[in-house]
Amino acid sequence: MTDDAFDRRLQQIKDARLRQETQRANALLALLERRPELREVIPLADFVGERVLWCA
């Protein structure tokens with residue numbers, strides 16, 4: 001594999017990872033919006049939800 005091919009593949013993987021993180025964050029926010037009773041039940045979900053809102 002050439003350096004250029006490797007760099008392209010690495011960028012594809014990074015882009016796919018970013019898309020996946022974005023989809024999961026959006027799904028989490030949608031869930032917490034639909035089910036507000038879940039807030040403060042799962043600390044990690046609260047942390048991620050707040051982090052996403054601050055980054056928006």
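Helix α1 (residues 3-34) packs against helix α2 (residues 43-55) at an angle of about 110°, and their axes lie 10 Å apart. This arrangement makes α1 roughly perpendicular to α2, a term that covers angles of 65 to 115 degrees. Axes are lines fitted to C-alpha atoms, for helices over the stretch in contact, and angles run from 0 to 180 degrees between N-to-C directions. Helices are DSSP runs (H or I, at least four residues), numbered from the N terminus. The model is predicted: local features need pLDDT of at least 70, side-chain atom pairs count only at pLDDT 80 or more, and totals for chains, interfaces and linings use all residues. Residues are numbered from 1 along each chain as its sequence is written, and side-chain values use heavy atoms, with hydrogens and water left out.

On the α1 side, Ala25, Leu28, Leu29 and Leu32 meet Ala45, Val48, Gly49, Val52 and Leu53 of α2 (contact means heavy atoms within 4.5 Å). By class, this contact has eight nonpolar residues, one polar residue and no charged residues. Ala, Val, Leu, Ile, Met, Phe, Trp, Tyr, Cys and Pro count as nonpolar, Asp, Glu, Lys and Arg as charged, and the others, Gly among them, as polar.

The lining of the largest pocket includes Arg17, Glu21, Ala25, Val48, Val52 and Cys55. Helices α1 and α2 each supply at least two residues of this lining, and α1 gives the most, with eight. Five nonpolar, three polar and four charged residues make up the lining. A pocket is an open set of points on a 1 Å grid over the protein atoms alone, where a 1.4 Å probe fits, with protein on both sides within 12 Å along at least five of seven lines; lining residues have an atom within 4 Å of a point.

Notes. Angles under 35 degrees count as roughly parallel, over 145 as roughly antiparallel, 65 to 115 as roughly perpendicular and the rest as oblique.
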